[in-house]
Amino acid sequence: MKLIEAGRLLQGFTASDEPIILENAGVLVEGGAIREIGPIDALRLAHPQAEPLGGPGMVVMPGLINAHHHVGLTPLQLGSPDHPLELWFASRMGLRDVDPRLDTLFSAFEMIESGVTTVQHLHSRIPGGPDAQLATAEAVTGAYAEIGLRASFSIALRDQNRLVYEDDRAFTASLPEALRPAMAAWFERFTLPLTQQIEVFQELRRRHAGEPLLGIQLAPANLHWLSDAALEDIARLAAETGLPLHMHLLETPYQRDYARRRTGSAVAHLARLGLSGPKLTLGHGVWLDEGEIEACAHAGTRLCHNCSSNFRLKSGLAPLNRFLAAGIPVALGLDEAGINDDRDMLQEMRLVLRVHRAPGHDAPCPSPAQVLRMASEHGAATTPFAGRIGRLFPDMAADLVMLDWRRLTWPYQDVAIPLVDVLVQRAKREAISAVMIGGELVYREGRFTRIDREAVLAEIAGRLAKPLTEAESLRRSLSEAVLPHVRRFYAGYLSEN
Ligand SMILES: [Zn+2]
C-alpha cells in the first residue's frame with residue numbers, strides 16, 4: 001500500500017472542462033488501483049503502514065495518453081525524410097530494420113519521461129505470415145510489459161492498395177519492367193488474407209486476456225486500405241467483441257479525393273457499413289467537411305488529433321476548433337513523432353494549444369484545460385481501459401504523474417495564473433519527479449526503475465552501427481527507384497477544390 005501526498009491533486013475535469021483540484025490531498029494506492037482520496041493528514045493517520053510518496057511540493061495529475069503511436073526509432077532516424085504522406089509511404093520502404101523489442105523500448109522511454117502512462121500502439125506493417133505477426137506482436141507487447149507502460153495494442157488491418165491509392169497489381173504493371181519483380185515481391189511480403197489477420201487478432205486476445213496493463217483492440221487501417229467487404233467484417237468483429245476501433249481517416253487531401261471517387265463522404269460510407277459511434281476513433285480527420293463533423297458529433301464518433309504529424313507530412317491543419325464546437329471528444333496522438341522528432345506529450349499539448357489560436361479577439365481557441373483533458377480523459381476513452389484511466393478517482397487505475405512544482409516554476413510563478421494553465425504552458429520533462437502506472441513507480445527522478453535505458457540505447461547503437469544488410473540495401477534501392485512513380489501516380493490526382 002502506498003500513500004501519495006499532493007500539495008495539489010488534479011483529479012480530472014468536469015463535463016464543462018473545469019479542473020477538479022484538491023489541496024493537501026492524499027492518494028491511497030493498493031493493488032494497482034486508487035483505493036481512497038482525501039485530506040492527507042486523515043489518510044496518514046488511518047493508514048500509518050502505507051509507504052509514503054510525493055510531498056507538499058508535488059502536483060499530481062492523471063497520466064497522459066498517447067492515443068496514436070506506431071514505432072520506436074523514427075523514420076527520420078532510420079533514413080526517411082518528411083515527405084508528404086503518400087510519398088513518405090514509398091520513402092519508408094527503405095528504412096532500416098530494428099529489433100522490435102529495442103524499438104518499442106526506445107519510444108517508451110520518451111513517452112514515460114514526458115508523463116505518458118498509456119500508449120495506443122497501432123502497429124502498421126509486419127512482413128510475413130501469422131507466425132511472424134505474432135512474434136513481432138509478442139516482442140512489442142513484451143517490451144511494454146518489461147518497462148511497465150500500459151498499452152492498447154493492435155495490428156492495422158488492410159486488404160488492398162498497399163502502396164498507392166489503387167490496386168497493387170495495377171500499380172506494379174504501371175512500373176518499368178525492370179522494377180516489377182521487386183515491387184511484386186514487396187507486396188507479397190505484406191499480403192496476408194484478412195481472415196488470417198483476424199486470426200492473429202483473436203490469438204492475441206486469447207493469449208493476453210485479463211492482463212492488467214495490456215489491451216488488444218481493432219485497427220482498420222484506413223478507407224483506401226480496406227475493401228467494403230473487409231470493412232463489414234471488421235464492423236461485425238467490433239460488434240461481437242465490444243472492443244474499440246482506431247482508424248486513420250481523411251489524413252490528406254489525396255485521401256479526401258480518393259474517398260470522393262470511391263463513395264462520396266468517407267464518414268457516411270463507414271456509417272453505412274456499421275462503423276460509427278463512441279467505440280470508433282478516427283485518427284487525423286484533417287479533411288472532414290462540415291457535414292462529416294456534424295455526423296461524427298451526432299454518432300458520438302471520436303477523433304484523435306495528431307498535430308505534429310499533420311505538419312511534418314504536409315497533411316494540413318485539422319479543424320480542431322470546429323471539432324470542439326461540435327462537441328466531439330478529441331484525443332491527442334504523437335503518431336510517428338512530434339516536431340522535435342521525439343515523443344514528448346508535454347510539448348505536443350503546447351503545440352495544440354498554440355496552433356489553433358485563431359486570430360480575432362472572440363475567435364475560438366482551445367483552453368489549456370481542454371488540451372490537458374484531450375491528452376488524458378479523452379485519450380483514455382479511445383482505449384479498452386476507458387473509464388479506468390485518464391482521471392484520478394477511487395477504483396480507477398493508479399496511473400499518475402508527480403510534478404515537482406518548485407522545479408517547474410523556479411524562480412517564480414504568480415499565483416494568479418491557474419494551475420492547469422501553468423502545467424500545460426510551462427511543464428517540461430525535467431519537472432516530472434515520478435510516473436506511476438498500475439500502482440508501480442516505473443520512473444523516478446530521471447531513472448527507469450525496471451530497465452537500464454543506457455544499456456538499451458547502447459545495444460541499439462551497436463546493432464545499427466553495422467552496415468546495411470543485403471535485404472535493407474535492396475529495399476532502399478527499390479524505395480528510391482519507385483518514389484518517382486508514386487509521385488507520378490498522384491500528379492493531377494487532386495480535384496480543383
Ligand atoms: Zn498514424
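# Reading pockets, salt bridges and a surface patch

Trainee: What volume does the second largest pocket have?

Mentor: The second largest pocket has a volume of about 390 Å³. Keep in mind that the model is predicted.

Trainee: How is empty space found in the first place, and what does a probe show?

Mentor: A probe the size of a water molecule is rolled over the atoms, and this shows where empty space is left. In this case, 26 residues line the second largest pocket, and Glu-211, Pro-212, Leu-213, Phe-385 and Arg-388 are the closest to its centre.

Trainee: Which elements each supply at least two residues of that pocket's lining?

Mentor: Helix H7 (194–208), strand S8 (214–216) and strand S15 (440–444) do. S8 gives the most, with three residues. By class, the lining of the second largest pocket holds 13 nonpolar, six polar and seven charged residues.

Trainee: What volume does the largest pocket have, and which residues lie nearest its centre?

Mentor: Its volume is about 930 Å³. The lining of the largest pocket counts 44 residues, and Val-71, Arg-92, Leu-95, Ser-124 and Arg-125 lie nearest the centre. Two or more lining residues come from each of helix H2 (85–91), helix H3 (100–113), strand S6 (116–123), helix H4 (130–147) and helix H6 (180–189). The classes in this lining are 22 nonpolar, ten polar and twelve charged.

Trainee: Now salt bridges. How many does the count come to?

Mentor: A salt bridge needs a side-chain nitrogen of Lys or Arg within 4 Å of a carboxyl oxygen of Asp or Glu. By this rule the count comes to 33 salt bridges.

Trainee: What does the salt bridge between Arg-429 and Glu-113 tie together?

Mentor: The side chains of Arg-429 and Glu-113 meet at 3.7 Å, N to O. Arg-429 lies in the loop between helix H17 (419–426) and strand S14 (432–437), while Glu-113 is in helix H3, so the pair ties together parts 316 residues apart in sequence. Arg-429 is partly exposed, with a relative accessible area of 23%, whereas Glu-113 is buried at 12%. Both residues also belong to a network of salt bridges that links Glu-113, Asp-342, Asp-344, Arg-429 and Arg-453.

Trainee: What separates Asp-257 and Arg-260 within helix H9?

Mentor: Asp-257 and Arg-260 are three residues apart in helix H9 (residues 253–262), which means a separation of about one helical turn. The pair forms a salt bridge, the closest N and O atoms being 3.6 Å apart. Asp-257 is buried, with a relative accessible area of 2%, and Arg-260 is partly exposed at 40%.

Trainee: Last, the surface. Which residues make the nonpolar surface patch of about 260 Å²?

Mentor: A residue qualifies for a patch when its relative accessible area is over 30% and it has no salt bridge. Here the patch is made by Phe-311, Leu-317 and Ile-339.

Trainee: Where is Leu-317 found?

Mentor: Leu-317 is in the loop between helix H12 (307–312) and helix H13 (320–325). Leu-317 is partly exposed, with a relative accessible area of 45%.

Notes: Residues numbered from 1 in each chain as written. Predicted model: local features only at pLDDT ≥ 70, side-chain atom pairs only at ≥ 80, totals over all residues. Heavy atoms only, no water. Patch = residues over 30% accessible without salt bridge, like charges linked within 9 Å, V, L, I, M, F, W, Y side chains within 5 Å. Areas by Shrake-Rupley, 256 points an atom, 1.4 Å probe, with all protein chains shown as cover. Helix = DSSP H or I, 4+ residues; strand = E, 2+ residues; numbered from the N terminus. Buried < 20%, exposed > 50% of the residue type's maximum accessible area, 1.4 Å probe, protein only. 1 Å grid on protein atoms, 1.4 Å probe; cavity = no way out; pocket = protein on both sides within 12 Å on 5 of 7 lines; lining within 4 Å. Points joined across faces, edges and corners; volume = space filled by probe spheres on them. Nonpolar A, V, L, I, M, F, W, Y, C, P; charged D, E, K, R; others polar.
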